[in-house]
Amino acid sequence: MKNSRILDLGSGTSFIAKQISNYDITEVDIASDMLKSWVDRPSNVKTICADFEKLNFAKESFDLILSSFSLQWSEDFVKNFQQ
């Protein structure tokens with residue numbers, strides 16, 4: 001799991017990434033202010049300001065996808081899990 005690529009959907013204030021910041025993490029949040037809240041973010045933690053229901057990553061871009069407190073905003077749960 002050391003070289004795992006992790007996608008954090010609805011990352012908010014980076015709570016999860018701060019706990020596991022030694023991994024290669026991509027944080028996605030629709031609110032740019034939330035993504036800006038972690039001022040000293042390490043270079044291995046990338047951010048994308050976007051709606052997590054409208055992502056277009058290549059297949060198998062990530063080894064692990066997680067979400068904390070954001071899936072309740074999903075309008076198409078099945079589509080998001082297939083993606």
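In which strand does D24 lie? In this predicted model, D24 belongs to strand β2, which spans residues 24-29. D24 is partly exposed, with a relative accessible area of 37%. Residues up to four places away in sequence aside, D24 touches S4, R5, I6 and N44. The C-alpha atoms of D24 and N44 are 5.1 Å apart, although 20 residues separate the two in sequence.

The chain contains three helices and four strands, and their order along the sequence is β-α-β-α-β-β-α. Of the 83 residues in the chain, 33% are buried. The exposed surface comes to about 5700 Å², and carbon and sulfur atoms supply 55% of this area. Of the contacts between residues at least 6 apart in sequence, 36% join residues at least 24 apart.

Three salt bridges were counted in the model. One of them is formed by D63 and R5, with the closest N and O atoms 3.2 Å apart. This pair links distant parts of the chain, since D63 is in the loop between β3 and β4 and R5 in strand β1, 58 residues apart. D63 is partly exposed at a relative accessible area of 47%, and R5 is likewise partly exposed at 31%. R5 is also among the residues touched by D24.

A salt bridge also joins E27 and R41, whose closest N and O atoms are 3.1 Å apart. Here too the pair links distant parts of the chain: E27 is in strand β2 and R41 in the loop between α2 and β3, 14 residues apart. Both E27 and R41 are buried. Another salt bridge is found between the side chains of K54 and D51, at an N to O distance of 3.5 Å. K54 is exposed, with a relative accessible area of 66%, whereas D51 is partly exposed at 22%.

The surroundings of R41 include a further polar partner. With neighbours within four places in sequence left aside, the contacts of R41 are S14, E27, L35 and T47.

S14 is located in the loop between β1 (5-9) and α1 (15-19). S14 is not a glycine, yet has a positive phi of about 70 degrees. The relative accessible area of S14 is 0%, so this residue is buried. E60, which is not a glycine either, has a positive phi of about 60 degrees. E60 is placed in the loop between β3 (45-49) and β4 (64-67). In contrast to S14, which is buried, E60 is exposed, with a relative accessible area of 69%.

One aromatic pair was counted. The ring centres of F57 and F62 are 4.9 Å apart and the ring planes stand at 85 degrees, so the arrangement is edge-to-face. F57 counts as partly exposed because its relative accessibility is 34%. F62, at 18% relative accessibility, falls under the 20% cut-off and therefore counts as buried.

Definitions and conventions:
Residues numbered from 1 in each chain as written. Predicted model: local features only at pLDDT ≥ 70, side-chain atom pairs only at ≥ 80, totals over all residues. Heavy atoms only, no water. Helix = DSSP H or I, 4+ residues; strand = E, 2+ residues; numbered from the N terminus. Buried < 20%, exposed > 50% of the residue type's maximum accessible area, 1.4 Å probe, protein only. Contact = heavy atoms within 4.5 Å. Phe/Tyr/Trp six-rings, centres within 6.5 Å; stacked < 30°, edge-to-face > 60°. Areas by Shrake-Rupley, 256 points an atom, 1.4 Å probe, with all protein chains shown as cover. Salt bridge = Lys/Arg side-chain N within 4 Å of Asp/Glu carboxyl O.
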